[in-house]
Amino acid sequence: MRLRTLTALAGALTLSLVTGCAKGDSTGSSASTVTYWLWDANQLPAYQACAKGFEKENPGLEVRITQLGWSDYWTKLTAGFIAGTQPDVFTDHIQKFGQFADLQVLEPLDDLGIKDSDYQPGLAANWIGQDGHRYGAPKDWDTVALFYNEKMANDAGLTAEQLGGLSWNPEDGGTFEKAIARLTVDRNGKRGDEPGFDKNNVKVYGLATQGGGYGDGQTQWSPFTGSAGWNYTEKARWGTKYQYDSKTFKSVIEWYFGLAKKGYMAPFSDYNVQSNQGNTQIAAGKAAAVFDGAWMISTYNGFKDRDIRTALTPVGPTGRRATMMNGLADSISKASKNKAGARKWVAYLASDKCQKVVGDHGVVFPATPAGTEAAIAAYKKKGIEVSAFTEPVDDRKNFRTFSYPITNYAADVTALMQPEMEAIYGNGKSVNSLDQTTDQINLILDQ
Amino acid sequence: MSIASSSPPTRRGDGRLAAVFLAPALLGFLVFLLWPTLRGVYLSFTRFNLLTPAEWVGLDNYERMIHDPIFWDSLKVTVEYVVINIGIQTVAALAIAVLLQRLTRSALLRGIVLTPYLMSNVVAGLVWLWILDTQLGIGNEIISALGADRIPFLADETWAIPTIALINVWRHVGYTALLLFAGLQAIPNDMYEAARVDGASEWRMFWRITMPLLRPVLAVVLIMTVIGSFQVFDTVAVTTAGGPANATNVLQFYIYGSAFGRFQFGYASAMSVALLVVLSAITVLQYRLTRAGRTDLG
């Protein structure tokens with residue numbers, strides 16, 4: 001009898017534990033709350049301020065914001081989609097958009113009345129899926145520019161004007177390569193453009209390494225491939241043929257990674273995604289310049305005892321400068337438990353009202369022109385010059401901006417391109433091997 | 001007679017009591033081990049992205065695996081890691097264990113040997129990543145100050161796997177040594193005394209007494225560490241993320257990337273089943289070759 005009771009009790013306890021686990025709901029979502037996730041800690045105060053305004057306008061609705069680091073963010077979001085603990089609204093990245101659309105985890109936002117003309121060019125259109133529905137409301141944008149150490153540039157005799165007026169070509173590298181060589185100093189104090197320069201014992205590299213650049217090369221080779229007129233795929237969005245096997249692409253890549261062979265750019269072995277990205281090399285004084293994105297403005301300006309300035313990307317063989325212009329968006333989870341509240345919040349996030357508040361914090365360029373203006377003013381107040389990032393958006397004649405590649409199977413493309421580009425950069429593998437990798441990628445996209 | 005007639009009820013009672021005590025562990029085994037394994041085997045025959053129902057594809061995933069050069073490459077990389085890791089770790093652990101047993105009784109020394117094991121794999125990986133960074137790491141600063149060329153420990157195809165293997169040797173060698181040390185304690189001391197009386201050297205005693213009598217423990221430790229070594233993941237994830245150019249793309253990391261990065265849970269399951277088969281085969285082989293179940297003491 002006692003045994004039976006004991007057995008029953010043990011059984012009940014285990015069962016309650018198992019069911020308890022299954023029923024656990026960490027979203028805290030209900031009709032009166034909207035859960036919202038973002039990854040950039042710098043932007044948290046800006047969106048908290050936005051949420052305050054929203055809650056004032058929508059009494060009874062509360063926005064609960066969670067910030068997670070980039071890697072954890074995507075792992076937790078994916079796990080959330082599976083377990084049903086996803087946030088109602090989350091910050092979305094173009095790189096993940098195709099995959100999330102495939103997995104059917106996004107809620108269409110067609111009824112929010114998002115108009116292309118309300119935002120900086122191209123930002124709104126990127127979030128239309130292959131099925132013609134909208135899945136994201138534009139929130140911000142970023143471009144890429146050349147960050148450089150002002151003192152090192154002065155020591156090399158290079159003025160801000162010179163660094164802002166560089167041009168390049170894949171044959172001899174143009175004035176860009178000359179400037180990078182000039183900024184490079186070896187162990188004996190010889191510069192990269194001086195006779196007797198020892199490329200195997202470099203003290204300060206002209207250009208920091210940002211790694212192989214996966215399949216997008218956003219802060220590595222894309223300013224060059226872009227200004228050479230190359231496109232990732234055969235059409236702007238939802239293409240099915242990647243063009244890594246094109247002659248143009250291969251010639252640019254060969255020249256770009258060739259900068260490391262000449263000793264002007266840090267070798268691939270100096271790069272580590274965890275411990276030594278481009279900004280660390282600049283902070284440590286191991287490199288004089290680096291291509292990096294607008295989201296890093298605060299980081300570079302926070303370096304102690306180093307005055308970091310910015311310059312436009314160089315003019316390419318097409319006669320224009322180029323930069324990737326990437327934009328984030330806010331998306332609603334299809335399984336959201338408070339879709340009505342989520343729609344209200346996303347509409348508010350995409351409005352001038354919220355984007356101006358975010359702009360005032362001077363941490364990111366919001367997607368609406370008014371939000372962008374507010375951000376420029378806020379950066380100016382902090383004494384930070386940002387024209388190298390905004391000019392590409394304003395001056396369409398001399399600049400080409402292009403988007404992150406938007407296709408299906410983005411994760412597969414990255415998985416194949418990462419080792420390929422690392423092998424070309426790090427091991428001197430021939431760029432012709434890109435033919436085979438491109439075939440593999442396009443075979444996957446043909447599925 | 002009377003004893004025989006009274007014993008069955010007691011045994012029945014014991015059985016029920018045993019069942020109660022076994023129930024939680026059994027339930028855990030069924031829920032967390034058997035069921036996931038069976039489900040994993042089932043999923044290996046499907047196309048499954050976690051969010052839509054699994055679609056039966058027969059042997060497609062296995063066929064793909066056989067023709068996937070990245071799979072074979074990652075298997076090769078994993079074996080390379082295991083050979084370096086287990087080879088060095090076992091020899092070093094054995095040496096430490098014997099030294100601990102023959103030379104000192106100090107509990108403090110035993111504690112120090114175990115210290116790296118108290119650190120989590122991720123923390124150990126990150127600390128070594130920073131020490132060994134080609135450009136900024138203090139390890140390379142020292143190498144450079146000594147006048148030698150910097151070594152891209154974790155950023156070069158040739159160096160990366162041996163470096164990760166050695167980081168894990170550093171972390172696990174103390175623990176392995178303590179397991180072997182415990183095995184050494186079971187060897188009767190009079191054997192060494194008798195050998196010493198006969199004039200045997202320490203070296204001879206090691207080969208003639210220690211090694212043969214330690215064999216069953218050594219075999220179990222080897223089986224455990226080889227299985228653990230094949231499952232290397234965290235150190236790779238924090239130090240190289242599979243790079244450079246897939247040079248450290250060990251099998252577990254490839255499986256993880258396929259499942260959680262590319263949402264190919266069916267294919268990832270097929271590779272996991274392959275890993276299970278490889279590990280089972282190695283374990284059986286090791287068990288047989290080392291006669292782990294039998295002792296020479298007696």
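Predicted model: local features only at pLDDT ≥ 70, side-chain atom pairs only at ≥ 80, totals over all residues.
Which residues does A:A287 touch, not counting residues up to four places away in sequence? They are A:V204, A:Y205, A:L207, A:A208, A:A266, A:Q281 and A:I282.

**The core**

A:A287 belongs to the largest nonpolar core, which has 178 residues. Four members touch the most other members: A:L207, A:A287, A:W345 and B:L180.

**The whole chain**

Chain A has 17 helices and 13 strands. Its radius of gyration is 24 Å, close to the 22 Å that the globule rule gives for 447 residues, so chain A is as compact as a globular protein of that length. The C-alpha atoms of chain A fill a box of roughly 95 × 50 × 45 Å along the principal axes. Buried residues make up 50% of the 447 residues. Now take the contacts in chain A between residues at least 6 apart in sequence: 70% of them join residues at least 24 apart.

**A covered strand**

Strand 10 of chain A spans residues 321–324, and both of its faces are covered. A:R321 and A:T323 lie on one side, A:A322 and A:M324 on the other, and all are buried. Strand 10 pairs with strand 13 (residues 399–402) of chain A in the parallel sense, over four bridges. Within strand 13, A:T401 stands opposite A:T323.

**A packed helix**

Helix 13 of chain A covers residues 352–360. Its buried residues are A:C354, A:Q355, A:V357, A:V358 and A:G359. What do they pack against? The table lists their partners, which belong to chain A.

| Partner of helix 13 | Residues |
|---|---|
| Helix 2 of chain A | 44–57 |
| Helix 12 of chain A | 339–349 |
| Strand 12 of chain A | 365–366 |
| Helix 14 of chain A | 369–381 |

After helix 13 comes A:G362, with a positive phi near 60°.

**Where the chains meet**

How many residues of chain A are in contact with chain B? The count is 33, and they meet 31 residues of chain B. Four helices of chain A each supply at least two residues to this side: helix 1 (2–23), helix 3 (70–83), helix 10 (278–283) and helix 16 (410–427). Helix 16 gives the largest share, eight residues. The residues on this side of chain A divide into 15 nonpolar, 14 polar and four charged.

Technical notes
Residues numbered from 1 in each chain as written. Chains lettered and ligands numbered in written order. Rg over C-alpha atoms; globule rule 2.2 N^0.38 Å. Buried ≥ 20, exposed ≤ 12 C-beta atoms within 10 Å, placed from the backbone. Contact = placed C-beta atoms within 7 Å. Core = buried A, V, L, I, M, F, W, Y, C linked by C-beta atoms within 7 Å. Pairing = 2+ DSSP bridges. Nonpolar A, V, L, I, M, F, W, Y, C, P; charged D, E, K, R; others polar.
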